[in-house]
Every structure is written in C-alpha cells, then in structure tokens.
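Keep the 3D view open as you read.

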Amino acid sequence: MKPPVFDYVSPATLEEAIQALSAPDDGDVKVLAGGQSLVPLLNLRLSQPGLIVDINGLDELTGITEEAGYLTVGALVRQREAELSDVVRTACPLLHEAIPLIGHTAIRNRGTVGGSIAHADPAAELPTVAACLDAELVARGPGGERTIPAADFFTGFFTTALAEDEILTAVRVRSVGPATGAAYEEVARRHGDFAMAGVAAQVRLDGDTVAEARIAISGVDLAPVRATKAEAALAGRTVDDSILDEAADAAVADLSPSSDLHGSAAYRKHVAGVLIRKAVAAAAARAREAR
Amino acid sequence: MKTREITVTVNGRKRTVTVEVRRTLADFLREDLGLTATHLGCEHGVCGACTVVVDGHTERSCTQLAVQADGREITTVEGLAGPDGELHPVQQALRDNHSFQCGFCTPGFVMSIYGMCEEKKAGRSVPCSRAAIREELSGNICRCTGYQSIVDGAEAALAGAGSDTGKDA
Amino acid sequence: MAGGSAISGLVGARVHRKEDRTILTGTGRYIDDVQERGMLHCHFLRSTVAHGRITSIDVSAAREVEGVVRVFTGADMSAITEDLSFAQPIPGLNSPSYPAIARDVVRFVGEPVALVVAESRYIAEDAAALIEIEYDLLEPVMSTAAGLAEGATQLFDDVPGNVVHTDEQLFGDIEAAFAQADHVVTQSLDQHRWACNPMETRGGVATYETGSGQLTYEASTQTTHTLRFLLAGWIRHPIHQFRVTANNIGGGFGLKFSAYREDVAVCAAAKAIGGTVKWVEDRNEHLVAAGAAREEQLTLEAAVKADGTLLGLRVTMKLDAGAYPINPPATVYAGLVRTTLPGPYKLPAYQFRHHIVATNKASYISLRGPWAVETLVRERLMDKIAHTCGISPVEVRNRNLITLDDQPTKMITNVTLENVTAAETFQKLVEMVDLDAVRREQEAARAEGRLLGFGVGTFIEPAPGTQEFWAAVGFPFGSEPCRIRIEIDGKVTAFTPQTPHGQSHETTLSQLIADELGVGFDDIRIVYGDTDATPFSMLGTGGSRAATMASGAVVYGSRELRKRLLEIASHILEASVDDLDIADGVVSVKGAPGASVPIAQIAMGCWLAPEQMPPGTNTEMEFVANYDGEGGGFSQASHACWIEVDQQTGKIEIKRFLVVEDCGKMINPAVVEGQVIGGIAMGVGGMLLEHSAYADDGQYLAATFMDYLMPSAPELPEIEIEHLEFESDKVVGSRGVGEGGTVLAPAALLNAIDDALAQVGRERVTETPVTPTRMLELLGVIEKE
C-alpha cells in the first residue's frame, strides 16, 4: 500500500494551479487538498494520476467570511476550522451540525470543506449540506470564475460538474435569518464512518407553520438527493407527527438505494424515512427557539 | 518532478532532506528519519496509529505526502519524553492506568491524547466526560484493550494529574 | 519506581508494567521498525480470482524495473522450497500440501502468485503491477453447503468431496436420553467469518549470512520454536543454522500461532539472494489473505425434562475451513468445540458430528478462544430451554450447573472437573443483578416504546486445561520450561519460550520471581523471542497457558535457585536454612540483623570460584525448570449484558456489562482486567460489526478498515468486573484469562438480543453478525433480501 509514481506540483497561486491542470499530461491529473480521501486511494493504488496539483499553498482559497447575507467558506478551509468557527455556527447552523459527523478530529484537522464537496462521495456530509442549502459552488478555470448551483454540481457517483481544468475555490450559502433551525441526522455502523443514510434538514418557520423546508438525503443514491416532495409536503404546515410521516413517506417513495455489506436497500430506504422525521423535527424545534 | 528537497522541523530539530514526491509523511518519518515510533496500522486513514502533531494539530501521517510537510513543524511520540527519559505527563497517566497491552496502537493514542491536552491548555473547551473522551478517541483503533483503560488514562491526563492506581515495585 | 528495591507481596498487586516505558515512548522494535544495512523489501502479488488455473505468468517487465532485485514465480520458489504440509497422523484427515507461491491453481482471492524483492516497498509494488498473469477460471466453492453438494467442484485431488475431515462421537446413551425427554429443544446458528486483525499485521525480516550459512528470521510470531522447526524443513535449511527471534509483537490473537507460506517465501528469498529481506503485510493484504475464523454452522437438539433438566444433546457442526490448512490441523478446532461444549453443566448423553469443508476462501485460523462457538450455542440453547420449560434463564442454569459440591466429577467428554467454580461465579452474578428489577425496567421501557434486552451466560475456559482435556481434543499438553539465571551481580535473567504480545509477561513473571527469590522487581529481566536463548516449547504464547504454565516454571525455577542460595548462605552465616530469609537481594538470619550475605556475593563466588564455595553445595546459578501444570485446570466466568435496541434504526447499544470471573489467584489484577475487557470488546465487535465477507463469486468484500469494522471506543460499554479468587491447593493457583471475554461475551450479548426480540414476539437470531439491517429484519420492520 504505497502510492504509485506521479509528478507533483505545488503552485503558489490559483493562476498557476489552473495552468498546471490545463497543461497537457500523459495521465490523469488530480487536485490534492486535504488528501483525506485522495491519499488513501493513492496508497491503495485505486487512483494512479500522472500529475498531482497540490493546492494547499493557495492562500486565496482560505478564510471564512460573512457578507451581504452570504457565508463564504474558502475551499481550503479545514473542516475543523469551520467546525469551531462562530461565524459558521451563526450563519450556517446546518454546516456546524454536520461537520463533527465527518470522520474524526485528526481527519477534520486536515480535511478541507472544498475537498469533501469536490470528492462528491454520496454518503458524505458536506455534499449533502450543499445540496440541501442550494449552495453556490464557486469554481475557477482558464476562462475565469463561474458559480455552479449545487443542484447542477453533483452529477453522479463521485463526479461533479467541475471541468478537468477547474478548481473549486469557495462554497457560498445564504446566511440563515431568524426562525430558522437546522439538523443533520445520520446512521453509521460506527462513530465517524460514512453513513448508511443521512439527512440534512433546515426549516424556516413563519409563526407556527413551515415557511420553507430544505431536506437532502445521503447514502441512498449516486449523489445526494434533494427531497423536494417532502419539502413541498411540509410547506405551509405545522410540524407534527402526521406531517412528519407524510413528508418522510413522500421522500422515500422515490428512493431506490443499493445494498452493500453495511446495509440493505430496504434498510437504507427505511432509515432515510426515520432520519427525515428526526432531522425535520429537530430543525423545526430549533427554528421555534430561534423565533 | 519526482523528488523534492524539503525542510521540516521534527521534534524541535530542523531537517533538510530530498524525498520522492510520492513518499508518505509516515514513511518519511519512519524510513528516512528513523523515527519508527509512528506506526502504520492501515495506511488508509482509519486506525490512527500514525497520528502525529503537525503545526499544533493532530493529523494522520499516512494520508499526507512528505513534500506537504515542507516548512512545517512536527511532533512525534519520540518528542514527548524529557531529555532524561522522564515520561511526559500524558505518558505517565497512561502508564499509571495500565492503558495499553501490545503497544502497537499506543503512539497514535498518545499523540491523540496529547493533542487533546494541548487544546485544553490552549484554552479551547475540550469535553472531558468519559463518553466525550470515547468519542474523541474514536479515530484510534486498539485491538487489545477494549479502550476502557485508555479512557482511564486519557481522563487522568486531561485532569492534569495521573490518578495513580498502580503500585511501584 | 525505586531501582532494585523489593516489595514483598508483589503477586496480587497492580504492579506497573515493565513493558510500558518502551511502548509509550515508541522505542519498541516491531517488524516494520527493523532497518538493516542493505535491507531489501518485498511485496507479494496476489490472486484476483477465487479459483483458477494459472495458464501463463509473465514477470519480464517487472524484472526490468530499476531497483528490482529478484522476482519469484511459483515455479521459481518451488525450486528452492518444499511444499508446506501440516499433515498429521490423524485418521481421516485430508490435509493437502501446497506451495509457498501458487504454481498451478489458485484457490482464494489473495493467494500469493509472485514475490517481488526490491530496494523499496514502493518499487516492489510498482513492479508487481507489471506482472501479467492469466487464469482459466474454475467454479468457486463459497460455502460448506456448496462444497458438500453432489457434483461440487473439488478444490484438491486429495480432499475427496471437499471434506477435510468428518467424524461422529457418542458419549452416553443418547437414544435413551431422547426417549425420556419431555421436550426436544432445537437451535441452529450460522456464524459468519471474522478475523483476528492484530494492529500489527504479519511480517518478518530474514537475514542470510552467506559466509557462515546462518539464517535469522525476526518474525511477528506467537511461537518462535515452532516457526523455526516448521520453516527449517520447508526452506531446506539445517535447523542448527537457523535462529528465529521476536521482539515487540503488535498483537496476535491466535493468528500468529501458525507458520505461513509468506514466511517460507521470505526466508527462501533471503537465502537465495544472500542478504536481508523484509516483508510487512499491509492491512489490505492482511484482511484479504491472512485468514479468518469462526465460520461455523451448528444445529443442536436437546432432550430435556419438563423442569429444564438436560438429558442429552445432539450437535452437528459444519466448519468452513477455507482453502489451505494451517497449524493446528482443523480437527483440533472440532475437537475443542466437541470437548468443551458440555461446559460446566451436567449432561448425561451427547452426540457430536462434524464436517470440515474446504472452500475457496483464505484459511480458517485460530482466533482468541477458537472453540468459542460451543459456549455461544450452549448458552443460547439454555435460554431456549428455559423459554420452552417456562422457567427463567437463571433457574435453568441453576438446575443444570455443576457446583463445587459435585466435584470432582467427569464431563461427559471424559474430562475431570475439579475446582471449577462456574456455578459460583453465576451465583455471584445473580446476586449482583436484581432480575425482577430488570424485568420491571423492561416493562416500563416498553410502555414508552423502548426495547431493552437482558442476557446472561456462563462457561469454563481450558486455560490451561488438563491432560485429559487436551487428549480428548487431540492436541499435546506440553510441560512448560523456563531457564532462570542468577547473574554474577545477583540480578536475575529468566528465559521463557513464551512469546508475549501484550499479555504483560515481563511484568507478571517478574512479580513472581521477585516474590519467590526476594530480589528487586527491577533487578529481573525476562528474555523471550529467541530460539538461541530460550528453552524449547512447541506452544509459545497461546491458549492462555502462561498464567499457569509459565508462572509454574518460574516459581519452581526460583524455588530451586532459592534453595541453592540458602544452602550456601547457611554455611556462610552458620545458620540453619530454616532460619534464613531473603529480602531485597540479601540473605539474612531471621531476627539477627547484621548476620547477612547479599545474593550478589554468593553469585559472584559461584560463578568465579565455585571450588571455593562451601563443599557439598550446588553452585550452579542457572536452572531450567519444567512445570507440568499440576494437573492443570480451568478458569471460569459469568457475564450479564443489558442492551437497548433502537427499533427505528436497528442499532444495538450495550447499556451495561457485568462480569464475575474466577481465574484463581490473580498475579496482577490490572493485567487480568485488561484481558477480560479486551476480550469482551473483541467478542462484541465480532457479533455486531466485523465481517470477513465474500461475494458469491469469491471476491473479498472487506479489504479495508472502511469495510472491516473494528469496534472503536464509542461502540463499547464500560465493563464492570467482580473477581472471585478460588484458592486451590495447587502450588500455582493462577489460571489463564485471555480468551474468556471473547468466548462468553457473544453469548451474553446474543441472549440479550433474543430477550429483546422475544418481548415483541419475534424469533431468535440464527445468523450473525447482528447488523442494524439484520436487526430490523428480525423485528419485522423491513423485508429480508
């Protein structure tokens, strides 16, 4: 379990990094950020890139800012930094709830927010958060910067809308207003494992009724799934057991997860419903507190 | 480029070494610097045996490349005990509580617990209940102990003093 | 720790471990820490198919990679080694021999097909990737049922019908027992494969000195002498020129008891190349190829009286042996299960049948209490009998357990039980648990929609077992030697064939010597892991033998040397031996301070000028003691487990776990507790998380720690332990305690799960592991796939 031979560059600027990605090469090019997914794949030789572009030196990709109603998290922000950030906690409680569920402290100390999203593991927390919140994923390529809505970003199993010469530079989400609560619920075999299923939920209340519900599910498809039917079922209603059941049933009816060693398809489907009830109930309760 | 010269400070000592770019930090520490205390239990970031402290944070040394450590400061378990061999308080607390058996996972746990203690010292709130310690140590796998004795040791280390249940011979 | 000071009464105290300073500072020497000048590294290319005939292998590109020193194919390796054979004169045992590297046919995913030796592991892996190999695929046999089926593909020519061994043994009048039965209670269990997974994988460093012809193999092994003895023949090396050593070992759990084909290949490669070759198995290889355990299917039929009294038991076991035999032969596992299964219960009649079946999987290996399934099925059967007869799990055990008053008595499997306190540990457990309160709590929880389960179990652990026990199993019960030397300065070195890998023998054996000889704990060194230095034993560290056997050897050895010291001192001090005592390394006359002579002075005289020592005294300051075990014996324990089942997610939380154990006299309670808790953790992991799973096509599904789920700290409960210390009249009253946690915890846990299922009217567990998916299937929440 030792990495294969590759070329390696560690550009000092984003421009150089994009240039490196664009340069013709005889093999695959991989962007190395926190490396918590890529380096294990290299060690297992499941990934054998010809060139690695290490973006850890790009200060342009760091920093957490809140401005004009938007929270922007640099792609290279370590997950642990975001986890402990007061700005994140207040502007995006869902992200704050989700991050501690990623791996373990030593993983989050190194792993980056952008890296997890660009890796697009359908069982991972951050892609699910991005899908749930309609995050804007800021990418830079040779042609300049573009913003990709999360709905268009996750295109399949570990695949995204990023072009080969594009780098994810930041994640932008709308800061939460009052009467908004969020929760991330998941079931994993062990603490810190990728979840068999997970649910990100954010609820905004208007009085006692749901003004807006956002729900995304992990682990049940090739990419995070936005539970739009459940969101619609909740809109304008008061959250109680029967509406939670209705929302959960609406969401899972369309799911056709696959089975693996850790959980059967039936299990994932069932548990997705359970987690929707839990996550929406918790998010609604927090929204009530935040009124 | 297949090799690169890097300068790393390991346990307070500055080292400049040319490494293959594909070399993991763990292999660099173990093979090139001869610091074999950092163990490799899985080489895919799960078991935590290779945990070291980089620029003040616990990180896996098997899931980063040595070239990425250029300019950084690393502490391994070799860097904890005093020059006269006196155990670091974390090591002492673990010894007092008979925390380990075969010792293979031990350096990773020592560094993880050291990392928790350093965070606490730095004024960051570190939950110290046994359940919280178990959660915090969930990234380190031990096959021998069932963790209870390690939690005892970590609890004592975090309390800042070893609650010594042993008897010196 | 005060250097050299002796505190009497170290035995029984929570003495700090000698091993800890080394492991906490990272200064140990595990296999991958070995770095020799000019050392080469190697990597095995492994089969990607479960069953196939190698039609071509092309290593030419690999040989051309810069830094590659040698590439061995199966043919290359076979030219310099013998095939591995574990055959023994056991009637009916079909034990095929096999090459270190596959020559013709591969029989599991992960079987070595080539070995690359290179200047670094990185290069060896680069080169291995360039080896081209083609297979003619053969039908894989992926279960015992498939292996035994009519017309099944045969793995080996010399294993007809894929049956490695089959046997039936009868004890007592089984027909009469069933004829008298009020109830016949049946039970079946299909246990999955799971594995040892020591944190340090397998590995070794072989060094061949071309001048002297000396070969040294530094290995991660539980038994240096057996490894040397087996390897010498296979690599055609004269045994007197072959030394096997072991330093720090990062866990074994039974896996490192055998010699493996990789050991053969690495030693042969070093010899062929003429230098030092290191092999460290990576975790991926380990999970795929090192072997796994516990894959057994059992069916039981119990004849019982209406009051729950056991009359007879019929058991059939199918054991999935994987492809290749290892040490010990699979008949030993069947023998262990058969002999131990009646446990601490009165059983008048017993029939045991087994079929050991070859399949296209990695080898079935020893795992901490390799017989454990006997306790798992028996303790679950007891609960089912209780349920059938309308009595409590406590009552059914009380009616059938053998108490101290019943002993000595014989198990139906012809093993004498003496000083066995399983019933007493169970009694104590019951006293500590308010069963009525448990039931009330369960009812209250159910009213809130929560589901709690409670389970108990009890067992005996053959640690070390008895002569009769091992004769019934079909495995030798050797005596245990130890060489003890009083050095020229009065300090003590003890040489043990034990190969400890976490069991704290350096500490416990030093405690015993310190107490027996009156020397300082820090003035004792325990030497292990060197066939040049330690006395011979086939067994090394395994089977939880050390607490009795290694302890006995050091106690008897120390006593002999003490006797010699006292005789010499009695001349020097002109006092009767009876009036002398040794403390702090000094022999003195009781009640006469000043009349004393240091051990160091006696030892120096004995070593340097024995002719000047008192005539007629024995001046040999070194002695090899052999301890026969004084008949041996058992340790025992009872467990209670409280769980809560999340009926929505199927997750099982262990709320409380209580152990009452009796391993006789504890040498160091901290060490005992470490073994008990660690053992339970392994048993819990095995039942709930870990699975060495294969797909139907023979591909291995748990090849990383992302898929093979080792329990981590949050998955495990705080374990409470109550010790009983039965005092026998034996000189050494300590019994082993290494395996019991892993043996009994699964039974208590599954009984608790069954108890929870019964409360909601659901059927018992019949297949493991009990994953969240399986739990929801059992609860009827989701459909089974």
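Start at Ala349(C), which sits in strand β15 of chain C, residues 349-357. Bear in mind that this is a predicted model. Is Ala349(C) buried or exposed? Ala349(C) is buried, because 21 other C-beta atoms lie within 10 Å, and the cut-off for burial is 20 or more.

Now look at the neighbours of Ala349(C). Leaving aside residues up to four places away in sequence, Ala349(C) touches Phe171(C), Gly172(C), Asp173(C), Ile174(C), Ala176(C), Ala177(C), Leu311(C) and Gly312(C). For another point of reference, find Ser85(C). Ser85(C) and Ala349(C) are 264 residues apart along the chain, and 37 Å separates their C-alpha atoms.

Move on to helix α11 of chain C, residues 373-389. This helix has 17 residues. From first C-alpha to last it reaches 24 Å, close to the 24 Å expected at 1.5 Å a residue. How many residues of α11(C) are buried? The count is 15 of its 17, so the helix is mostly covered. Gly390(C) follows α11(C), and its phi is positive, near 70°.

Step back to chain C as a whole. It holds 21 helices and 28 strands. Its radius of gyration is 28 Å, close to the 28 Å that the globule rule gives for 785 residues, so chain C is as compact as a globular protein of that length. Along the principal axes, its C-alpha atoms fill a box of roughly 85 × 75 × 50 Å. Of the 785 residues, 61% count as buried. Sequence separation matters for reading the contacts here. Among contacts between residues at least 6 apart in sequence, 80% join residues at least 24 apart.

Chain C is divided into three parts: domain 1 (20-28 + 480-627), domain 2 (34-138 + 196-289) and domain 3 (296-473 + 630-778). The centres of domain 2 of chain C and domain 3 of chain C, taken over C-alpha atoms, are separated by 36 Å. Their contact takes 25 residues from domain 2 of chain C and 26 residues from domain 3 of chain C. What classes of residue make up the domain 2 side? That side has 15 nonpolar, eight polar and two charged residues.

In an unreviewed entry, UniProt lists residues 25-139 of chain C as "domain: Aldehyde oxidase/xanthine dehydrogenase a/b hammerhead". The end C-alpha atoms of residues 25-139 of chain C lie 51 Å apart. The span is 16% helix and 30% strand.

Next, turn to chain B. Chain B has domain 1 (3-79) and domain 2 (89-159). Their C-alpha centres lie 21 Å apart. Contact between them involves 15 residues of domain 1 of chain B and 13 residues of domain 2 of chain B. On the domain 1 side, the largest share is three residues, from strand β3 (residues 51-54) of chain B. That side divides into eight nonpolar, seven polar and no charged residues.

Chain B also meets chain C. Here 49 residues of chain B are in contact with 52 residues of chain C. Which helices of chain B each supply at least two residues to this side? They are α2 (89-96), α3 (106-121), α4 and α5 (148-159) of chain B. The chain B side divides into 23 nonpolar, 17 polar and nine charged residues.

Chain B touches chain A too, with 24 residues of chain B in contact with 24 residues of chain A. The elements of chain B giving two or more residues to this side are β4 (57-60) and α4 (130-136). The largest share, four residues, comes from β4(B). By class, this side of chain B has four nonpolar, 13 polar and seven charged residues.

Finish at chain A. Chain A is divided into domain 1 (7-54), domain 2 (59-174) and domain 3 (195-289). The centres of domain 1 of chain A and domain 3 of chain A, taken over C-alpha atoms, are separated by 36 Å.

Technical notes:
Residues numbered from 1 in each chain as written. Chains lettered and ligands numbered in written order. Predicted model: local features only at pLDDT ≥ 70, side-chain atom pairs only at ≥ 80, totals over all residues. Domains from an automatic or database assignment. Contact = placed C-beta atoms within 7 Å. Nonpolar A, V, L, I, M, F, W, Y, C, P; charged D, E, K, R; others polar. UniProt positions renumbered as here; feature names shortened; annotations may be inferred. Buried ≥ 20, exposed ≤ 12 C-beta atoms within 10 Å, placed from the backbone. Expected span 1.5 Å × (residues − 1). Rg over C-alpha atoms; globule rule 2.2 N^0.38 Å.
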